Amino acid sequence: MARAFVIGNMSSIACIDQLESSVNMRTAVRILVQCTHSRLSIKPLIAGSEKSKMATTTLEDRNAIRESLSRYLDANSDWAALRAGFASPRGYVDQIWSNFASMGLLGCQLAPKFGGVDAGMLDVVAIAEQIGKRLIPIPYVNTGVVGLELLSLACAVNALPKTIIEQIVAGSKVVAIAGAGPCVPYEDESCVMKVIDSPTGVTLTGKVKFVPQGGFADYYVLCLKTGLGLEIFFIESSPAVLTQVMQTNDPAQRLAEIDFNDVPAIRLNYQPNTLKSVQSKAIVAAAAEQLGATRAIFDLTLEYLRTRYQFGRPIGSFQAMKHLAAELYLNLEHAASAVYAAAELLEEGGDQAHRCAALACFTMKDTFREITAHSIQMHGGIAYTQEHVAHLFWRRARSAITLFGRPQYHRENYLQSYEVL
């Protein structure tokens, strides 16, 4: 879609050609976007939605959160700190996670009784985007969003102790999501678990793979597809829970295989609509992290195009580079629009929130992968070295393909949602 606009709008390309001697690539791509962006609109996706009470956070508050977090991460989470975290068992510096908790960012979307501030999805997206810009592999989405959403709902229905949530919000505990189901980051379709019900409770025996943060989690939420449908269990870490770290392509990512041996569990009950809402929040929060990472690698690429000289001129002044950069920027802004539209609809409680969340998911994943791949090519040989960070973005984009479902799955759901109208 974006490619057709770039090729077909010759007046926009003429504007770019007038800047051939300029080294300000950001100005050039913004001109193209201003010429074409007004033609595209996501308003048809939002029109007719039923609004409910939205979060009370103002735009000024949200900008203040974004700016404060950005300054903190600039000072405490540069590329050297990211690489230093690769050697740690968790993949990141522990102090960052505890500082996020002290700033009140973990579970900020929860009700005050759970330690949150009733923040909305737009606030969650703003936080996740800043995390993604630095590729910080902290479990903000898995623990701070999905895990806390599931556990806070379980407290109301299943009488789960509220202290569990308070410990996670305080940053002292981590919850991992595993198994196969709508809210699982990386589904293990081969997971086979023996569930035994007895007068004393429920016990689980079996193995599950591809569990993010599974090697050091304090709690587990296990989703299983059984003969009774989708069942969800809460498990506390114990000596009967054995973990084995799995090899990953992303050096910052920590996946584990978990072996449960007759482990006590609590069966959690949820309404199907509740799980669908949590799933939508999960994929939008994950898309926001990918959006931040995509913006970061694109900005790095533009800076390289401005400062790398060849034949006595910056390589960003060459027509092939300018047009490609403009096209990538247009695709990035389209994906960003989908992410923020989905977040807004989730806040409003509109009927089309889940559809727009699916749109944001597959659009952002495709754009993340496309821009990281082109960024490596636009950098040239330097991007293939271990010293450069471009390959880290590419690895993250590849690992994000199956996160909360492949793009093909969400694209099909998005299209099917129009068939039932």
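Both glutamate 189 and lysine 225 are exposed, a class that requires over 50% relative accessible area, whereas buried denotes under 20% and partly exposed the range in between (1.4 Å probe, protein chains only). The side chains of glutamate 189 and lysine 225 are joined by a salt bridge with an N to O distance of 3.9 Å, a salt bridge being defined as a side-chain nitrogen of Lys or Arg within 4 Å of a carboxyl oxygen of Asp or Glu. Distant parts of the chain are linked by this pair, with glutamate 189 in the loop between strand 1 (175-179) and strand 2 (192-198) and lysine 225, 36 residues apart from it, in strand 4 (residues 219-226). Strands (E, at least two residues) and helices (H or I, at least four) are DSSP runs numbered from the N terminus.

The model is a predicted one, in which local features need pLDDT of at least 70 and side-chain atom pairs count only at pLDDT 80 or more, while totals for chains, interfaces and linings use all residues. Residues are numbered from 1 along each chain as its sequence is written, and side-chain values use heavy atoms, with hydrogens and water left out.

By the distance rule, the count comes to twelve salt bridges. One of these is formed by glutamate 129 and arginine 295, whose closest N and O atoms are 3.0 Å apart. Because glutamate 129 lies in helix 8 (residues 121-133) and arginine 295 in helix 11 (residues 272-307), the pair ties together parts that are 166 residues apart in sequence. Glutamate 129 counts as buried at 5% relative accessibility, and arginine 295 likewise counts as buried, at 19%. Glu129 and Arg295 also belong, with Glu333, to a network of salt bridges.

A further salt bridge is found between arginine 411 and aspartate 366, with the closest N and O atoms 2.3 Å apart. Arginine 411 is located in helix 15 (residues 407-419) and aspartate 366 in helix 13 (residues 353-379), so that parts 45 residues apart in sequence are tied together. Arginine 411 is partly exposed, with a relative accessible area of 29%, and aspartate 366 counts as partly exposed at 23% relative accessibility.

Helix 8 also meets helix 5 (residues 59-76), in a contact (heavy atoms within 4.5 Å) that involves Arg62, Ile65, Arg66, Leu69, Ser70 and Leu73 in helix 5 and Leu122, Asp123, Ala126, Ile127, Gln130 and Ile131 in helix 8. The residues of this contact divide into seven nonpolar, two polar and three charged.

Note on methods: Ala, Val, Leu, Ile, Met, Phe, Trp, Tyr, Cys and Pro count as nonpolar, Asp, Glu, Lys and Arg as charged, and the others, Gly among them, as polar.
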